[in-house]
Amino acid sequence: MIGRFSLLPEQASTIAGQVDALYFFLVALSAFFSVLIAVAVIAFAIHFRQSKDRQVVPSGEGFLALEITWTVIPFILVMIIFGWGARIFVTMHTPPDDAMQVYVVGKQWMWKLQHVEGRREINELHIPVGRPVKLLMTSEDVIHSFYVPAFRVKQDAVPGRYTSMWFQADKVGEYHLFCAEFCGTQHARMIGRVVVMEPAEFQAWLSGTKGSGGDMVASGQALFEQLGCQSCHQGETGARGPALAGLFNKQVTLADGRTVVADDTYLRESILNPQAAVVAGYQPIMPTFKGLVSEEGLLELMTYIKSLPAPKTIPADATEPGKTHAMLPVHGGQG
Amino acid sequence: MTETVVHEAHDASVNYLNADYGVRSWLFTKDHKRIGLLYLASITVFFALGGLAALMIRLDLLTPAGDLVRDDTYNKLFTMHGVVMIFLFLIPSIPAVIGNFVLPLMIGARDLAFPRLNLASWYIFNIGALFAAWALLAGGIDTGWTFYTPYSTMSSNSNVLSGAFGAFITGFASILTGVNFIATIHRMRAPGLTWNRLPLFVWAMYATSIIFILGTPVIAITLLLMMIERAFHIGLFDPALGGDPILFQHLFWFYSHPAVYIMILPSMGVISEIITCFSRNRIFGYSFIAASSIAIALIGFLVWGHHMFVSGQSANASLIFSLLSFFVAIPSAIKVFNWTATLYRGSVRLQAPMVYALGFIGLFTIGGLTGLFLSTLATDVHLHDTYFVVAHFHYIMVGGALMGYLGAIHFWWPKMTGRLYNETLAKIAAIIVFVGFNLTFFPQFVLGFLGMPRRYHVYPDEFQVLNVFSTAGASILGIGYLLPVLYLIWSMRYGPKAEANHWGAVGLEWQTSSPPPTENFDHTPVVTSEPYDYREPVEVKKVA
């Protein structure tokens, strides 16, 4: 909990206990070897202390068996540590499918967050207890890092790309949110809190009117129409731009023969720098929207695109590399 | 043992210090010993500057509100501390001061292979260092020593260009030193001094030189690219210009992780010399210690990605970098075990250099073991960019590298100056440093685990208790560093004169007078046996 002195950090996420178990194993291991070395050094230094009447006894050459022993034992130990740490790390990088999505934009020196349902927050994140939460993050300016010590998770928010992290809070309360990557003058003041609530309470909070302005799909659709995206991406055959419905996380083939997955970063690039990756079968006519859409606007657009229901009959070629048409980046002029 | 020949042929009262007088004789010297002392003077000044910044930082952190200095000032202070301590003190410390002075003596050479390059390196270092120091003092830099983009290129309003240019210039001094050492070790060893007989300090200098030569160009290029983006807005690292900020981190750590080994390997070499001399014993596992230096230097180039586990680097890359980072732990462990075993059945004398060396073993062990927490993926996610990291690398770079440096200064001081310092004071200072250091940095491990981010000038109240401990420790540590400056300077004028071989050591550098003559040896020594051959009492045959 915030503000209370303790020598142990609060554990408030499902992963925290696993991380701490490994941490304390490492503490025990370190203590064992530190004491071992310290005792040996002190004991040898005292026992073999120079005395005037004592003849120097030369020691023999190094013993090969001993050298091998103290090479192999540490090696086995560190491999165990590696495997243990890697296993938890893989979990940290595998969000459950049902994770609740929250969008995060870092800027000097604040965190701007938005829930899919529309509610916006600054330097605060409200989440329900017992439900996995996935953050999709970017930055408007320099690198920041989203750090919740009580959850034992941290991830940089990098300008120009999306990074993600997930956690599941398992304890109601308020926890520190820090920016962990140095970002300028007020880096130390780019802090906030994560508020973990009972699910019902969270729902009430989420539907509260304060700071709320329509859900992200609705605002994304409004922005989509305002920017005139539908004039090319109307989703019909023969349209100037590829259809967007059901596109997210599908493989697409580009004009230059590459195949890419249409993930968040790809969608973002296709809006800001459309010529970088044109879908096969379309002309590179889409203008850039750089400077016209804010980072939050981009996230809303993407939430809208992701929300579009996949066509009932997926065209046979839609998932087949080489013929896919369902893509974004071709545009017939600003609408 | 070496067929030792201390020649009485030359006038023993003439040595490298009094062979010539005047400022010119120093500024234009090509004598490696004098250049070592020139470096000593330069880096001592920079150590004081970096220490002053540390003092301000610790004072500010005494209270959570950050009320001593303003936000920007604090950011400039920790940048100054980092840039000065790393580029202007730790990297040149042992190689350029101790290495310059004793490496030719240890291998029975008259000088380094390229004495003019050696002098040039000192000038280049000072030009770069003054550039950086000017940037840091006149206006300051607020990026941290890591210069992360796009903050450094597009956001910071401080003297990034001149500071980075200064660091860029000092890199050339490192390269020249590295080239010089490698050429010298290959070409100028005394007859009979085979690779298997090389003192381990020389092996450590060899490994360090490899990193100087392979790594320094990369940081030079990286800093140059960063400067180009900042000055001309050519998109390299800033995504707004089409660049990739994570590319900068890859390039930066490709040098800056091996740079940690530039700081610690020389100290490891020093420890091998001191431990053997003060336990009157042969080194345990000579070839393992020598090989582990080279292994650290080489594997050290493959682990840079462990600084980037939460940067947005792919999880697969992180897995591989984590695995490789554990490999580099093994040679370090081997060294610690072998040093400890060297004490066994020795005849241990706890004189000042030995106290520093044993302190090194303790602090380096903790520093190395806490490195495991940071190469472990799951724990690093939590500990990255917290005070845990700050504590860890200070245990390595201050507890390790700086203890080694102080040990080296105390060990070779009689050789360098021909004078003896006060042994009691020196031991007290070593103990003060050890205690002060632990009190300063151990609480920071706990702070990091609790989640206090580094580079925080204002922090939540619950972290204050441990910060107070840390600041208290730092003031003790400061006294521990001030003491040697005083009694060492005092000894230069008033200290008793030192014998040629004050410690009764077997290294070649002890077989010539203290201080040595300008040409080091009157006759080229011939080596006939292994190093650290302390079985027989040291004999010094005097040839008329």
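**Cysteines and the domain interface of chain A**

Cys277(B) counts as buried because its relative accessibility is 0%, buried meaning under 20% relative accessible area with a 1.4 Å probe and protein chains only. This is a predicted model, in which local features need pLDDT of at least 70 and side-chain atom pairs count only at pLDDT 80 or more, while totals for chains, interfaces and linings use all residues. Residues are numbered from 1 along each chain as its sequence is written, chains are lettered from A in the order in which they are written, and side-chain values use heavy atoms, without hydrogens and water.

**Cysteines**
- Over all chains there are zero disulfides (cysteine sulfur pairs within 2.5 Å).
- Cys179(A) is in no disulfide, and the nearest cysteine sulfur, 3.9 Å away, belongs to Cys183(A).
- Cys179(A) also counts as buried, at 0% relative accessibility.

**Domains of chain A**
- An automatic or database assignment divides chain A into domain 1 (1-46 + 95-214) and domain 2 (216-330).
- Their C-alpha centres lie 32 Å apart.

**Interface of domains 1 and 2 of chain A**
- In contact (heavy atoms within 4.5 Å) are 18 residues of domain 1 and 13 residues of domain 2.
- The two domains bury about 1,300 Å² between them, 56% of it on carbon and sulfur atoms; this is accessible area (1.4 Å probe) lost on being put together, summed over both.
- Tyr103(A), Val116(A) and Tyr162(A) supply 43% of the area that domain 1 buries against domain 2, more than any other three residues.
- Two salt bridges (a Lys or Arg side-chain nitrogen within 4 Å of an Asp or Glu carboxyl oxygen) join the domains.
- Lys112(A) forms a salt bridge with Glu296(A), with the closest N and O atoms 2.7 Å apart.

Conventions: Buried means under 20% relative accessible area, exposed over 50%, partly exposed in between (1.4 Å probe, protein chains only).
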